[in-house]
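Please consult the sequence and the structure shown here while reading.

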Amino acid sequence: MSSQKQAVPPTPLLEEKHNGIPARLFDKAQKTKARILDIATKTQVTRRREPAIPQGIEKGKFLEALEDLSRQLRKENVEIVDKPLKDGWYMENPNTHDSMHVLDDEEFIASAIVYPGDTAEVQKIVLWANKHHIPIFPISIGRNFGYGGAAPRVRGSVVVDLGRRMNKILDINPDDCTCLVEPGVTFYALYEEIQARGYKHLWIDVPDLGGGSILGNTLDRGVGYTPYGDHWTFHSGLEVVLPTGEVIRTGMGALPNNNSWQIFPYGFGPYADGIFSQSNFGIVTKLGMALMPDPGGYESYLYTFQKEEDLTQLVEIIRPLRIANILENVAQLRHVVEQIACLGKPRSTYWQGEGSMPDDVIHEVAKSLSHGDCTWLYYGMAYGPKEIRQYKLDIIHKEFMKIPGARRIDPSTLPKDDYFWSRDRIASGVPDLEELAWVNWHPNGAHIAFSPVSPVRGVDATKLWKIAKTRCNENGLDLFPTYVVGLREMHLIVEIVFNRDDPKMRKAIHDCMRAMIDDAAKEGYGEYRTHLAFMDQIAGTYNWNDNALMKFNQRLKDCLDPNGILAPGKSGVWPARYRGRGWELTKEGRETSEGNGVAPPSASTKL
Ligand code: ADP
């Protein structure tokens, strides 16, 4: 532990780097970084390492192939990964491996990184991968933290880092309220550009942290917290490089000279976009997105609920209000322990015992929070001019107050740096960095999420809560549950923070995740998104009619990617060359990420 305070090296700014921090958030970034460094104990190895060569190719041939690619893209755009791994932190994230690794950090790791400058170079990379039969894995920014970050599923894949050189905002249309972006445009970058152009009437929708890319987050079906929270729903139009090198534009983009690509997502004929999300069927190089017009006013509110058991009644109240759009945004129902963690202090500040932090300790600490002790907190926002907001706020108040002990927190009583104001910024489309605070719950803090989907019903919310709590307690872990309410469904996002330098804790997380996934599936719940290590298990739970959906995905995969070069194993979809060779990571299987080789490419699939 670094006891004496050292100067914290500056976080790169957005004006210096495509993935940097906006100047307005620089101080917050420095504070956050200092807090992380202050309790970091993981020693960063400083010796060079052998690059992880992907299975199915000899090292000499692999290095020759990289030379071949360097000639095509220029040397500085091809980097071998033989240096010591640096975990960095959210704003200075590695593109080499999963810095929040639940397995050993050498498991999900790249052999090399390449930086294409345009769509034509992405095509070159894809053709190169086919020629040499090398797995490649696309990232935009690589901040998919909790789900694998920038790491590839297959050890030794070549990571295609699109963000570094392809980060242009191609269009912002202030009349249609749309934009068209390349992979490296972050939520921070788009927000700042909209402000700089003076388009005060345009809002963007942002997730909890604004450093990810709009394109990567949308493809992974991430959410934000304005009424446009479901990013996939609000996208319109993709440009995609297929695994065999052809480029397509979806929807209206297929019609030359059209002016409707970003306003009508479907075009004509089969709607192709779906197969490019959470998939390994193509590399997306452009994405269109709807922007929300300023609603003419907004107002955040926070209600607290005292008892754990209130969850059932509360969720029953939320459902009709949400479907009727009285609750207008993708709102959050959070457990109070996460609020404690949001103060940014390690849990040892409050509790030095083993195992999960006991409920009585949580509630004792919660008494000192600005809103006082409670169990659940509902953060929401009303939009529109005052009289329209008031109509909805009155209904919400009447309904929420039916729960004994419910309280509306008066925002004017909350200090300026209270977490409430971060939720206020996010729900009004201003990207922030606050949410990272809870990663400090443990030194070398990493997090992973268990994210099942359910109806917005009390009985389902409670069942999932019990599954998560039981399994986390069994494994001695604290859990940070948040119900993120879509329209007719909700995702329960259980974030679990762990010390990535503690193999015992990593094993506990691993066992806990596997158990929660199985328990949830037995009750009919499936996850909406997951970390690389759990993709096979979760794909295995979506097995209706003798795995008919996976068989369909495999047929698509083999047809679109006959050499199996693009992100093999992503979302549990393995190409033919890898199938039946022990690559799947399941509870029964071994816990290394590699299988027993790949089949030699067949002569007929040489491109
Ligand atoms: P973020 O930009 O939010 O940091 P990542 O770059 O980490 O997101 O990517 C999130 C997920 O989306 C990863 O699984 C990644 O493989 C996938 N992905 C990212 N960019 C692309 C792309 N341009 N084409 C296809 N898949 C992508």
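In this predicted model, a search of the whole structure finds 22 aromatic pairs. A pair of aromatic rings is described by the distance of the centres and the angle of the planes. Two of the pairs are set out in the table.

| Pair | Distance of centres | Angle of planes | Arrangement |
|---|---|---|---|
| W203 and Y383 | 6.0 Å | 65° | edge-to-face |
| Y578 and W583 | 5.1 Å | 70° | edge-to-face |

The planes of W203 and Y383 stand at 65°, and planes over 60 degrees apart count as edge-to-face, so this pair receives that description. W203 belongs to strand β7, which covers residues 202-203, whereas Y383 belongs to strand β14, which covers residues 376-383. The pair therefore ties together parts that are 180 residues apart in sequence. Both W203 and Y383 are buried.

The pair of Y578 and W583 is likewise edge-to-face, because its planes lie at 70°. Is each of these two residues buried or exposed, and what are the values? Y578 has a relative accessible area of 3% and is therefore buried. W583 has a relative accessibility of 1%, so W583 also counts as buried.

Finally, charged groups are found over rings. The charged end of R143 sits over the ring of Y90, at 5.2 Å from the ring centre. The ring of Y225 has the charged end of R423 over it, at 4.7 Å from the ring centre.

How values were computed. Residues numbered from 1 in each chain as written. Predicted model: local features only at pLDDT ≥ 70, side-chain atom pairs only at ≥ 80, totals over all residues. Heavy atoms only, no water. Phe/Tyr/Trp six-rings, centres within 6.5 Å; stacked < 30°, edge-to-face > 60°. Helix = DSSP H or I, 4+ residues; strand = E, 2+ residues; numbered from the N terminus. Buried < 20%, exposed > 50% of the residue type's maximum accessible area, 1.4 Å probe, protein only. Lys NZ or Arg CZ within 6 Å of the ring centre and 35° of its normal.
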